[in-house]
Amino acid sequence: MSSDLSPHDPPESHDLAARHDPVYDELHASAEFAELRRRYRGFVFPATIAFLAWYLLYVVLSNWAGDFMGKQVVGNINVALVFGLLQFATTFAIAWLYSRYSNAKLDPLARELDERFVALSQGTRSRGAQGGER
Amino acid sequence: MDHQVLTAVLFLSVVALTLFITIRASRQTSGTADFYAGGRSFSGFQNGLAIGGDYMSAASFLGISGAIALAGYDGFLYSIGFLVAWLVALLLVAEMLRNSGKFTMADQLAYRMKQRPVRTAAATSTVVVSIFYLLAQMVGAGSLVVLLLGIDKENTLAVSGVIAGVGALMIVYVTVGGMKGTTWVQIVKAVLLMAGSALIVVLVLAKFDFNLSELLGTAAAESGKPGFLEPGLKYGIDTTHKLDFLSLGIALVLGTAGLPHILVRFYTVPTSRDARKSVLWAIGLIGVFYLFTLVLGFGAAALLKTGAGSDVANSDGNLASPLLAEAVGGGAGSTGGAILLALISAVAFATILAVVAGLTLTSSTSVAHDIYNSVLRKGKATEEEEIRVTRYAAAGLGLVAILLAIPARNLNIAFLVALAFAVAASANLPSIVYNMFWRRFNTRGATWSIYGGLISCITLVFFSPVVSGKTGLNADGDVVSKALFPLGVDFHWFPLENPGLISIPLGFFFGWLGTVTSKEPAAEERFTELEVRALTGAGAEQAVQH
């Protein structure tokens with residue numbers, strides 16, 4: 001349906017999302033974008049599965065492995081407390097790793113594609129309306 | 001009495017400071033991008049502080065330390081869920097949302113779907129989540145002020161007056177200061193909260209020569225409860241309680257990234273990279289804060305009386321932190337104790353004000369931007385009209401929250417917050433994740449997942465023991481109702497207090513079902529655009545140049 005709309009239709013043609021901008025198709029088809037998406041998903045999918053599994057393991061052990069969690073490690077500090085503090089440590093570590101990874105592997109590609117978008121849309125778009133919906 | 005005067009003076013100082021900030025911010029606000037998104041001109045660090053200020057609510061500061069003081073290790077489980085949840089926001093949501101949306105949670109769905117149905121659905125769940133969360137904060141504010149200013153708890157008029165006062169303040173922050181005012185209030189609050197709790201933590205640890213093991217040992221001994229340092233004191237009673245804990249754990253970890261008042265904070269920075277930085281700062285800040293609550297909670301168990309009939313137990317743990325401050329300052333009656341008690345109470349009050357402002361702004365923005373402008377006016381409202389409606393909506397929602405909070409003033413704060421998390425995880429997170437990662441996802445999928453998650457969540461809660469049937473013993477050992485309905489009314493059939501275990505999978509299931517039973521080529525076509533924009537920032541909303 002939306003492809004029937006002419007480019008002059010304002011985004012207020014409201015029952016539908018704003019019209020598709022062809023510049024995005026061009027970027028989407030580029031090798032750089034495919035690489036960016038591969039790198040992004042290559043980090044966040046495994047990382048999400050890992051930290052959710054690690055967190056659930058903690059919840060399950062707290063529930064059903066009381067004896068193990070209650071074992072003393074040093075003084076009054078037991079396995080449960082160490083396990084809890086390790087959840088803090090892994091959260092900080094994953095956040096830090098993701099920050100480093102995205103600075104090095106994602107941002108340069110994203111910037112390059114964004115610049116190409118600006119160049120392409122200045123070329124093709126003489127109509128004043130900026131993309132994006134209200 | 002003298003500490004009450006001091007407390008009152010500090011409370012008024014907090015109010016004066018925040019109003020000053022709000023009025024200053026209002027002078028730099030023109031247009032919707034300023035009013036709703038602070039001109040998208042906050043730095044990653046500033047926004048990180050503001051996220052902390054928005055997130056570390058009264059339930060965290062008073063509730064978690066109180067839960068640890070009373071239930072030992074089981075209270076700490078809240079902290080862990082609340083923190084780990086930020087990885088979902090960091091990895092899957094923050095940057096993509098910043099790039100694809102504008103002012104509200106609905107924007108990223110409306111980007112590729114039919115505007116009216118998805119905006120109506122998203123605005124509905126935004127308002128529902130925010131109202132639950134608002135209730136929790138206002139109930140907390142009411143009991144805090146009542147206890148600290150020495151007002152009689154049975155004096156309904158005075159308690160209602162306090163709740164109405166907090167509600168009126170939050171309406172002023174939002175209608176006058178918009179997002180800029182709200183953000184600065186949150187930043188100031190985050191700094192006050194971190195500094196205040198750090199001070200108490202150092203004073204507590206100093207009492208134990210900075211030996212954590214000794215603190216824990218004393219806490220366990222003083223609490224008089226066996227297994228105080230191990231999981232299970234509160235949730236390990238039987239399988240139902242264990243499943244309840246699992247349900248709570250899942251709702252906490254998946255709820256954060258679906259909380260509308262957190263999501264809109266990502267719009268206040270210039271780029272998605274700044275959104276990422278702000279989440280990193282927030283994780284650091286919130287992580288350190290929850291480590292503080294561990295010391296505060298066990299410190300309260302070690303240094304205060306927490307048995308039946310004590311002030312800590314009577315307040316459901318909510319007064320553990322303020323009373324701990326008094327104890328480490330020199331004890332009741334001492335000048336140091338009075339100063340620290342007043343200080344920490346004022347910090348808790350600032351905490352509540354900052355959170356209610358964020359919630360009210362978010363929900364009224366959604367009412368004006370999604371419902372009024374997009375659904376009713378078909379996108380033709382001017383910016384001035386939209387902002388005017390936001391102000392009316394803020395006043396209206398504030399009034400609703402006041403009217404609901406007064407009868408709800410005896411409800412447990414932690415329960416209301418956990419419920420808000422469950423609704424956010426069931427109704428909001430599925431559609432956000434599907435929208436960003438599933439090309440096939442469409443309007444019917446989005447509305448079914450939002451309404452399906454929302455309705456199943458609310459239904460399960462309504463038929464759970466927290467609404468009817470839960471009983472407990474009061475200080476005198478009598479059986480009393482711990483549910484919303486009085487003793488004797490019991491129509492519950494759902495055994496768990498937290499619905500997340502069932503309602504979150506249902507939210508995902510309805511999203512899938514709605515999608516596969518309908519076809520919407522336009523939504524799939526526009527996914528290409530959404531994906532490019534979300535990952536690269538190409539065409540994303542720009543910061544306002546002043």
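# Exercises on a two-chain model

Along its sequence, chain A runs α-α-α-β-β-α. That is 4 helices and 2 strands, where helices (H or I, at least four residues) and strands (E, at least two) are DSSP runs numbered from the N terminus. The model is predicted: local features need pLDDT of at least 70, side-chain atom pairs count only at pLDDT 80 or more, and totals for chains, interfaces and linings use all residues. Residues are numbered from 1 along each chain as its sequence is written, and chains are lettered from A in the order in which they are written.

## Exercise 1

Find which residues of α1(A) are buried, and state how they are placed around the axis.

Step 1. A residue is buried if 20 or more other C-beta atoms lie within 10 Å of its own, exposed if 12 or fewer, and partly exposed in between, with C-beta atoms placed from the backbone. In α1(A), A:Val23, A:Tyr24 and A:Leu27 are buried.

Step 2. These residues cover an arc of only 100° around the axis, and therefore lie on the same side of α1(A). The arc is that of the directions from the helix axis to the C-beta atoms.

Step 3. An α-helix has 3.6 residues a turn, so residues three or four places apart point the same way.

## Exercise 2

Compare the span of α2(A) with the expected one, then list its buried residues.

Step 1. The expected span is 1.5 Å times one less than the number of residues.

Step 2. Buried in α2(A) are A:Phe33, A:Leu36, A:Tyr40, A:Phe51, A:Tyr55, A:Tyr58, A:Val59, A:Ser62 and A:Asn63.

Step 3. For the chain as a whole, 27% of the 134 residues of chain A count as buried.

## Exercise 3

Describe the side of chain A that touches chain B.

Step 1. In this interface, 56 residues of chain A are in contact with 54 residues of chain B; contact means that the C-beta atoms, placed from the backbone, lie within 7 Å.

Step 2. Elements of chain A that each supply at least two residues to this side are α1 (22–29), α2 (31–64), α3 (66–69), β2 (77–78) and α4 (79–124). The most comes from α4(A), with 17 residues.

Step 3. By class, the side of chain A that touches chain B has 28 nonpolar, 19 polar and 9 charged residues. Ala, Val, Leu, Ile, Met, Phe, Trp, Tyr, Cys and Pro count as nonpolar, Asp, Glu, Lys and Arg as charged, and the others, Gly among them, as polar.

## Exercise 4

Work out how α4 (residues 58–71) and α15 (residues 335–376) of chain B are oriented, and what joins them.

Step 1. The two axes come within 8 Å and cross at roughly 135°. Axes are lines fitted to C-alpha atoms, for helices over the stretch in contact, and angles run from 0 to 180 degrees between N-to-C directions.

Step 2. Angles under 35 degrees count as roughly parallel, over 145 as roughly antiparallel, 65 to 115 as roughly perpendicular and the rest as oblique. α4(B) and α15(B) are therefore oblique to each other.

Step 3. B:Ala58, B:Phe61 and B:Leu62 of α4(B) make the contact with B:Ala348, B:Thr351 and B:Ile352 of α15(B). By class this contact has 5 nonpolar, 1 polar and no charged residues.

Note on methods: Two residues are in contact if their C-beta atoms, placed from the backbone, lie within 7 Å.
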